[in-house]
Amino acid sequence: MKILLTGATGYIGRRLKERLLQDERIELRVLVRNKKSISPSAKEYVDAIEGDTFDRKALQKALYGVDTAFYLIHSLSQPNYKELDRVSAQNFVDIASECGVKRIIYLGGLGVKNEDTSEHLLSRLESGEVLSSHPKVQTIWIRAGVIIGSGSASFEIIRNLTEKLPIMTTPKWVSTKAQPIAVDDVLSYLQASIDLEYTHNLIVDIGSEPLSYKEMMEATAKALGLKRTIIPVPFMSIGLSSYWLNLFTPVPYSVAKALIEGLKSEVLMQNDHAKDYFPHIKPLSYIDAVQKAVEEIEANQVVSRWNDHGGKVWDEVHTKEFSDAIFVDRKVADIGTIEPSKIYQSFTSIGGENGWFDYDFLWEIRGIIDKLIGGVGLKRGRRDACDLRTGDCVDFWKVVDLKANERLLLFAQMKLPGKAWLEFKINENQLIQSAYFYPKGVWGRLYWYGLIPLHYLVFNNMIKSIIKKAKNL
Ligand SMILES: NC(=O)c1ccc[n+]([C@@H]2O[C@H](COP(=O)([O-])OP(=O)(O)OC[C@H]3O[C@@H](n4cnc5c(N)ncnc54)[C@H](OP(=O)(O)O)[C@@H]3O)[C@@H](O)[C@H]2O)c1
């Protein structure tokens, strides 16, 4: 069976890829916007096609000879996502039909169209409609609401609010009902859809017991062994609530706003197709799903996170050489007799709970400023305290290149008057640490000049600390 997986670098796609690789009947192909984002261990087993759904040639190459294709794509992080997602779905189904693909499996959002339906959900519904519109290709459209799993945006919001705020004043949407589902159950429905014996289009709503967001937060507190008081107040607007989430959780304002808008209306299952067509899948209860997610986080075994996708970042990366950077801060240190693998291990363990060496507090302040102005801040941390892969977030940085025992390249995702990169490179017997900055206008230049004294402290300390840490490994 030849299967194409799109969105393989996203939250669901990364996890589904692991599952599909376990199935010996499957020959797996992935369509990715940057081949480097496929982990080295998976590269051996998957056929990776580089390109996106706006590139017809790449789509033809990706869909050629494929029996079933998973469509796990959305462009939520971009301002014109509605239009992009519609065109993307149309291109996909058109070329799937040209290539003789029999089945598309799409994971969309749960909910119905009414005056309260969020733009985000409308767009997800539209993608499903477009994918299901071709007479020659069958589409199995799985619809899920709140997904509970380590690293999922909704779960991270609920967990962070519950952990950080003993008394929560919440907007009235906390009484809205939804049907959350464990991420592993979502994967089971997606995987089982490959073998489903049914030839028409099918919409399958999935979820566990209906719960209000207040009940979800109370159950989360119970699972975490915490006592929490929730006081709904009538005056919190979507904007204010989103800003609140932006400050107290790792999700930035734009993601929080899209999610909160979706909480205005109930997201309940509209059909029993999950039970009818997949009776062997018994969804976990909410509390069990939370417990499983917490266990994964505590065991440092988070497979994917909501911020894994690269999006526009890859456009920046493909041709980057840095010979044209306007500002460069470079530090070089001899590594002496220390093994390069230890130096690599030292600089790839930077950030998150491991921190940024002696000037951690300066990074914290920068993170708070970023959060206050609606940026991603430092709270995203790391997926794993030791392991790093291309596409991972490290606080407000994104890992855009990683070569074992050689190089780590980070792209800054904080709000900046320009574009910034941080590179660690081992060359012969030296560690080379370079910060590159491409300023935007006068403010960009003033920003760089204003930070020179802080850079002096931070970057000098950083290279020395990396070497020192490597010596002790
Ligand atoms: N996560 C949830 O909580 C949740 C809940 C309900 C439903 N769903 C649905 O599940 C599906 C997958 O969601 P997700 O959370 O896994 O998404 P995600 O983490 O945001 O990942 C999106 C994926 O799509 C890829 N992508 C975006 N535009 C593309 C394009 N034009 N061509 C090729 N690849 C493109 C991204 O690649 P890059 O890495 O290159 O950016 C990334 O791999 C979506 O339809 C979503 O609505 C998710």
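Modeller: The dialogue below goes from strands to helices and then to the ligand.

Modeller: This is a predicted model, in which local features need pLDDT of at least 70 and side-chain atom pairs count only at pLDDT 80 or more, while totals for chains, interfaces and linings use all residues. Residues are numbered from 1 along each chain as its sequence is written.

Biologist: In what order do the seven strands of the open sheet stand?

Modeller: Strands of a sheet pair through backbone hydrogen bonds, either parallel or antiparallel. Helices (H or I, at least four residues) and strands (E, at least two) are DSSP runs numbered from the N terminus, and two strands pair if DSSP finds at least two bridges between them. Here seven strands form an open sheet with parallel pairing, in the order 3-2-1-4-5-6-11. Strand 3 (47–50) and strand 11 (202–206) stand at the edges, each with a single partner strand, so one side of each has no neighbour in the sheet. From one strand to the next the twist averages 20°.

Biologist: How many bridges join strand 6 to strand 11?

Modeller: Five bridges join strand 6 (residues 138–144) to strand 11, and the two run parallel. Within this pair, Ile 142 has Val 204 of strand 11 as its bridge partner.

Biologist: Which strands does helix 1 lie across?

Modeller: Angles run from 0 to 180 degrees between N-to-C directions, and axes are lines fitted to C-alpha atoms, for helices over the stretch in contact. Helix 1 (residues 11–21) lies across strand 1 (2–6), strand 2 (27–32), strand 4 (68–71) and strand 5 (103–109), at about 160° to strand 1. Helix 5 (residues 119–131) lies across strand 4, strand 5 and strand 6, at about 165° to strand 5.

Biologist: At what angle do helix 3 and helix 4 cross?

Modeller: Two packed helices are described by the angle between their axes and the distance between the axes. The axes of helix 3 (residues 56–63) and helix 4 (residues 81–98) cross at roughly 50° and come within 9 Å. These helices are therefore oblique to each other (angles under 35 degrees count as roughly parallel, over 145 as roughly antiparallel, 65 to 115 as roughly perpendicular and the rest as oblique). Contact means C-beta atoms, placed from the backbone, within 7 Å. Arg 56, Leu 59, Gln 60 and Leu 63 of helix 3 make the contact with Asn 91, Phe 92, Ile 95 and Ala 96 of helix 4.

Biologist: How far apart are the axes of helix 14 and helix 16?

Modeller: Helix 14 (residues 340–347) and helix 16 (residues 441–471) have axes 8 Å apart and pack at an angle of about 120°. Helix 14 and helix 16 are therefore also oblique.

Biologist: How many residues surround the ligand?

Modeller: A residue is near a molecule if its C-beta atom, placed from the backbone, lies within 6 Å of it. The ligand is surrounded by 33 residues, of which Thr 9, Gly 10, Ile 12, Arg 33 and Asp 52 are the closest. Helix 1, strand 5 and helix 6 (153–164) are the elements that give two or more residues to this shell.

Key
Contact = placed C-beta atoms within 7 Å.
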